[in-house]
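Me: I have a model open here and would like to talk through a few details of it. Could you take my questions one at a time?
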Amino acid sequence: MKDTYVKKLQAKLDEWNAEIDKLKAKADTKEADAQQEYYKQIDELKSMKNDVSKKLDEMSEAGDDAWEDLKAGVDSAWDSVSSAFSSATSRFK
């Protein structure tokens, strides 16, 4: 169960990396003022994504008993990042 959970989240992290690349490409086409705001949001998304990635790594390395405890923290961080990604992508349209 742990391995399936970790693989699922890792796949989503890969999707987020691709989404960040798309957002960067859009930001590159904007005027200087707008570009700064886009890059700021992209940096925030990257930071949040990296935090989740670290938590996921901790979970991967945790024993079978400890991973359940870590799962709650990962789920909470995951929800925050998902919400931030949805918000950012809607603003970038």
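Me: Which residues of α2 are buried?
Reply: In this predicted model, the buried residues of α2 are Gln-35, Tyr-38, Gln-41, Ile-42, Leu-45, Lys-49, Val-52, Leu-56 and Met-59. An α-helix has 3.6 residues a turn, so residues three or four places apart point the same way.
Me: And what do the buried residues of α2 pack against?
Reply: They pack against α1 and α3.
Me: How many residues does α2 have, and how far does it reach?
Reply: Helix α2 has 30 residues and reaches 43 Å from its first C-alpha to its last, which is close to the 44 Å expected at 1.5 Å a residue.
Me: Where does Asp-43 sit?
Reply: Asp-43 belongs to helix α2, which covers residues 32-61, and Asp-43 is partly exposed, because its relative accessible area of 47% falls between the 20% and 50% cut-offs.
Me: What separates the C-alpha atoms of Asp-43 and Ala-66?
Reply: A distance of 31 Å separates them, with the two residues 23 apart along the chain.
Me: Switching to aromatics, how many pairs are there?
Reply: The count is two aromatic pairs. One of them is Trp-16 with Phe-85, a stacked pair at 4.9 Å centre to centre and with 10 degrees between the planes.
Me: Which helices does that pair tie together?
Reply: Trp-16 lies in helix α1 (residues 2-28) and Phe-85 in helix α3 (residues 64-91), so the pair links parts that are 69 residues apart in sequence.
Me: Are Trp-16 and Phe-85 buried or exposed?
Reply: Both Trp-16 and Phe-85 are buried, and together with Trp-78 they form one aromatic cluster.

Note on methods
Residues numbered from 1 in each chain as written. Predicted model: local features only at pLDDT ≥ 70, side-chain atom pairs only at ≥ 80, totals over all residues. Heavy atoms only, no water. Helix = DSSP H or I, 4+ residues; strand = E, 2+ residues; numbered from the N terminus. Buried < 20%, exposed > 50% of the residue type's maximum accessible area, 1.4 Å probe, protein only. Phe/Tyr/Trp six-rings, centres within 6.5 Å; stacked < 30°, edge-to-face > 60°. Expected span 1.5 Å × (residues − 1). Contact = heavy atoms within 4.5 Å.
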